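I opened this structure for the first time today and kept a notebook of what I looked up. The entries follow in the order in which I made them.

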Amino acid sequence: MCYDGDMMKRLIKPLLCLLIILTLTACSATSENSVSFEAMDTLMSLKVCGDNIICETLENRAHELDERLSATNPESEIYQLNENGSAKLSGDALSLVKRSLELSKELENSFDPTVFPAVCEWGFISDEYRVPDEKTLAQLAEKIDYKQIAVDDNTVRLPKDVAIDLGAVAKGYLADECRTILADSDASCAILNLGGTILLYGKKPDNTPFKVGVADPENPAGYFGYLACGEGVVATSGGYERYFEEGGKRYIHILDPTTAKPVDNGTLSVTIFSDDGVLSDALSTALFVMGIDKAAYYQAHDDFDFILLTDDNNLYITEGIYDDFTLAEGCDFTLHKISR
Ligand code: ADP
Ligand code: MG
């Protein structure tokens, strides 16, 4: 199996820390502390107005969750679950599996952690990319169904050939956990870039909003615009984060659970702003799969806002953040305001 320890290659995304860059002048107080490290297969950078010990506590929590939640880290509980078909999970892994099940039901056909064997088959874990044949894809799609995950107390069971990946929500869970740690501390403000999922906490000393740059898919080190916002979690999913090209076609790491194939619906990137980290992270992936045609999902929910860019240079922004978004100079996207 591609998630076997020998075959597995950790995917480090050094660029990810650049995908969304924040105005880090936010915490200009004297007690500003920062740290950068690698966890969850990505680079994380934390900036906190508060005691240095808080940065350490947050970093430790990131490593701890990596060891529990990663599908590619042989030490993790999820890895063990996938290997053995059943496992007793810790509080963190169990609660994220349960939350993922709720989200899978809510986001039927767009978010499903059992896409993992298909993610592997396309080579996104081993880095040995390949386009599977249609028969294999049909078999894989058949096996993608979160309803097969059985939870009994703290034991989770998976049928044969089913494996899960919490990669689409783990960083959001970490963001929520970091918020709890910060709330128990004397930190007044923090900007935590957890590899593209960003927790904005507290108030900047000068009381101005946080400013988050949204990565330009054509040039992920640059930004197509900026969002001014208060506390919350900003999560972005982009096809540019991990992909390969074959026969002139681009295949990205976000899969449509109904087909087991990379999404190919004209979406280039989705950014979600919400108070809830797990929701932000899940929705950035799910709305990417839904595409703008199914964005009516937004009208039925009032707990998030989004920025969605399509490959025909149309930028859709929901009304809750529309006036807080500024298009970068020279960027000629056509803006559309999505109302509830
Ligand atoms: P990233 O982790 O690169 O920031 P996402 O949050 O969008 O991006 O999560 C994508 C990861 O989640 C993929 O690498 C894959 O492991 C997994 N995944 C891909 N498609 C789906 C899906 N439709 N539902 C749930 N998980 C998915
Ligand atoms: Mg996500």
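What follows are my notes on the sheets, the helices, a metal site and a few single residues.

**Ground rules.** I began by noting that this is a predicted model, in which local features need pLDDT of at least 70 and side-chain atom pairs count only at pLDDT 80 or more, while totals for chains, interfaces and linings use all residues. Residues are numbered from 1 along each chain as its sequence is written, chains are lettered from A and ligands numbered from 1 in the order in which they are written, and side-chain values use heavy atoms, with hydrogens and water left out.

**The nine-stranded sheet.** I looked up the strand order and found an open sheet of nine strands, E1-E2-E6-E7-E10-E15-E16-E17-E19, with mixed pairing; strands here are DSSP runs (E, at least two residues), helices are runs of H or I of at least four, both numbered from the N terminus, and two strands pair if DSSP finds at least two bridges between them. At the edges I noted strand E1 (32-39) and strand E19 (334-338), each of which pairs on one side only. Neighbouring strands are turned by 10 degrees against each other on average, direction ignored, where axes are lines fitted to C-alpha atoms, for helices over the stretch in contact, and angles run from 0 to 180 degrees between N-to-C directions. Strand E17 (residues 314-318) runs parallel to E19 and is joined to it by five bridges, with Asn 314 opposite Thr 334.

**The three-stranded sheet.** I noted a further open sheet, antiparallel, in the order E8-E9-E18. Strand E8 (210-216) and strand E18 (325-327) each have a single partner strand, so one side of each is left without a neighbour in the sheet. Between E8 and strand E9 (residues 219-229) I found seven bridges and a hairpin that joins the two through two residues.

**The magnesium ion.** Which atoms coordinate the magnesium ion (ligand 2)? I listed Ala 168 (O), Asp 281 (O), Asp 281 (OD) and Thr 285 (OG1), at 2.3 to 2.7 Å; donors are N, O and S atoms within 2.8 Å of the metal (3.2 Å for Na, K and Ca), and since water is not among the atoms, sites may look incomplete. Asp 281 and Thr 285 are four residues apart in helix H8 (residues 277-290), and are therefore separated by about one helical turn; both are buried.

**Two single residues.** Is Thr 155 buried or exposed? I found Thr 155 buried, with a relative accessible area of 11%, and placed it in strand E5 (residues 155-157). Gln 139, in helix H6 (residues 134-143), is partly exposed at 47%.

How values were computed
Buried means under 20% relative accessible area, exposed over 50%, partly exposed in between (1.4 Å probe, protein chains only).
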